[in-house]
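Hi,

Here is the structure I promised to pass on. Could you have a look when you get a moment?

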Number of protein chains: 2
Amino acid sequence: MSAGCVIGVDLGGTKLLAGVVEPDLEVRHRVFRLAREGRGSEELLDQLVEAVQEVQVAAGRELLAVGFGIPSLVDVQTGVAATTVHLPLRDVAFRDVMAERLGVPVAVDNDANAAIAAEHRFGAAKGTQTAALLTLGTGIGGGIVVDGSVVHGANGGAGEWGHMVIESDGPLCTCGNRGCMEMLVSGSALGRAARRAAEELPDSGFGRARSAGREITGALATELAHDGDPVARDVVASMGRYLGIGLTNVVNVLNPEVIVVGGGVIAAGDMLLEPARRVVAERALLPSRDRVRIVPTRYGDASGMVGAGLLAMDLAGVS
Amino acid sequence: MSAGCVIGVDLGGTKLLAGVVEPDLEVRHRVFRLAREGRGSEELLDQLVEAVQEVQVAAGRELLAVGFGIPSLVDVQTGVAATTVHLPLRDVAFRDVMAERLGVPVAVDNDANAAIAAEHRFGAAKGTQTAALLTLGTGIGGGIVVDGSVVHGANGGAGEWGHMVIESDGPLCTCGNRGCMEMLVSGSALGRAARRAAEELPDSGFGRARSAGREITGALATELAHDGDPVARDVVASMGRYLGIGLTNVVNVLNPEVIVVGGGVIAAGDMLLEPARRVVAERALLPSRDRVRIVPTRYGDASGMVGAGLLAMDLAGVS
């Protein structure tokens, strides 16, 4: 246990996860932090450094490299965070700043690209040449594998499935576009649908939760749906059908062997995925729709952290 | 001129183009055929064999290989045409049947994949690592280049940009889906918009053409728009804006360096592309939208034939 180790960090819109990632992708010494409200870019970087140091101390091993998955378009050549919707990281020279502060080599990529790397190496997309990943959280993260490698595009911006327009005059998205898949399929969208149901149907589970002063969120919708609440099941299934329209586009554009779906919303499991699979079976092109498997992530919420660890291993030459 | 040669054939929904393709992608001895109405699969293959033979006789050179671009999902491993919307080629073992009938090695791929191969080798996508192509004809053909190679996906079905849903409850598409980009942006869609205008505005150029007994087509819309007819310009610009929504999705999904637009509809040139570019500049993600160039094909209507010739050259080891 005295060999060197790498740490993977998955930074989300509202939380961060860090841990030592072993070559077999086991994770040890996990650290979880909620985002501090209203933090600026310096404070966010401080929080990341502290989390890494806490893991390092717990591990008591030499630190070879650190990998980060961040919810931003990342220029993988320069390690600079380009745009980011949910965090104050725009134009931050993330890789160089963190390498200087941590004193070890640092790798950085988009969080969903890190997640698909992990799922492709040992998870739900293992053994495939062509794969897509969507993580349904606050927004949608996305990744693409072609010929067994993660696709970055010209600026690290490839795989933003969540910002495909599926309603040309649909609701305004945080990105400035309209009718993006993310506005109709995500944890935030599920929360909005649940709040509408709470208002329109005061006798429903949502309505009662609201009267009891509970916050009506996407997570509550998933919880009530698991408890068998019919309105909550409808809300989840309805989002599943929109997910199916988005995945129809993924199938027609990429013809993947597998689409891996992760993020917090996937806690709804087949209540979400079955309606999506049915829409794909009806609407996507043949033979692509018969070929594709639509499955949850193997590593669940840890995909991004595990994938960030992989980036660090590649950088440090560990395997 | 006595060295061996290859022939490239581009089979469209309503016409075919064939010619000798030289290593510098010059085309000689072109043959053009309109589709015979109501033909079956045997008749279609006969027509292809005749066209190749006519080119071969005109060239008077040894034939090394023939390449075909066909408007079908093609399994490039087996050379079998999978589904095809516009032609009777479903499940035809195209490569083996044509090789036997022509007595030379045959290569086959989707027509748009052939076109993007040509545009990538020497045309509008030359020198790029990540590129997309859309050919706007009867329908939309599409192709993808990643890391400098054409992406086929699991079954040869990748790149079907035309069958991305951009209106989740939009008009029924020939593929069975709803709201596909192809229903809103294509030669057929332009013809439909022109016929609507002819009916609603009898005093417009379209209305007068209709009264004069002319057929109202997408090509007429382009012609009138070039003549400065304001209604025709509106119809073309309106389609350009829908094109922009589709291209926004292409930018967000792939982050390409270039999107090459071809097919008959591109005859409208910047009257179509400028509104599309404006929508992409407003709606697509940064920095991807600033990076992408949206340009017409270099080889115009010949992209597919030239690309089919490239497939044949690769097969015959000519370069």
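Below are my notes on what turned up in it.

First, the ground rules. This is a predicted model, in which local features need pLDDT of at least 70 and side-chain atom pairs count only at pLDDT 80 or more, while totals for chains, interfaces and linings use all residues. Residues are numbered from 1 along each chain as its sequence is written, and chains are lettered from A and ligands numbered from 1 in the order in which they are written. Helices (H or I, at least four residues) and strands (E, at least two) are DSSP runs, numbered from the N terminus.

On confidence, the model scores ipTM 0.93 and pTM 0.94.

The interface comes next. Taking contact as C-beta atoms, placed from the backbone, within 7 Å, 37 residues of chain B touch 37 residues of chain A. On the chain B side, helices H8 (230-254) and H10 (288-291) each supply at least two residues, and H8(B) gives the largest share, six residues. That side divides into 18 nonpolar, 14 polar and five charged residues; Ala, Val, Leu, Ile, Met, Phe, Trp, Tyr, Cys and Pro count as nonpolar, Asp, Glu, Lys and Arg as charged, and the others, Gly among them, as polar.

Val165(B) is worth a look here. It sits in the loop between strand S10 (149-150) and helix H4 (181-184) of chain B. Is Val165(B) buried or exposed? It is buried, because 29 other C-beta atoms lie within 10 Å (20 or more means buried, 12 or fewer exposed, in between partly exposed, with C-beta atoms placed from the backbone). Beyond its neighbours within four places in sequence, Val165(B) has contacts that include Ile166(A), Ile245(A), Thr248(A) and Asn249(A).

Now the strands, which pair if DSSP finds at least two bridges between them. Chain B has an open five-stranded sheet with mixed pairing, ordered S10-S9-S8-S11-S12. S10(B) and S12(B) (293-296) are at the edges with a single partner strand each, so one side of each has no neighbour in the sheet. Within this chain, S8(B) (131-136) and S11(B) (258-262) run parallel and are joined by five bridges. In chain A, seven of the eight residues of S4(A) (63-70) are buried. S4(A) pairs in the parallel sense with S1(A) (5-11) over six bridges, and also with S7(A) (106-110) over five bridges.

For helix packing, the axes of H5(A) (187-200) and H7(A) (218-226) come within 7 Å and cross at roughly 70 degrees. Axes are lines fitted to C-alpha atoms, for helices over the stretch in contact, and angles run from 0 to 180 degrees between N-to-C directions. The two helices are therefore roughly perpendicular (65 to 115 degrees; under 35 is roughly parallel, over 145 roughly antiparallel and the rest oblique).

Finally, some backbone details. Most residues other than glycine have a negative phi, and most peptide bonds are trans. The Leu286(A)-Pro287(A) bond is cis, with omega near -5 degrees, and a cis bond also joins Leu286(B) and Pro287(B), with omega about 0 degrees. Asp91(A) has a positive phi of about 65 degrees and is exposed. Asn255(A) has a phi near 50 degrees and is buried.

Best wishes

Note on methods: Two residues are in contact if their C-beta atoms, placed from the backbone, lie within 7 Å.
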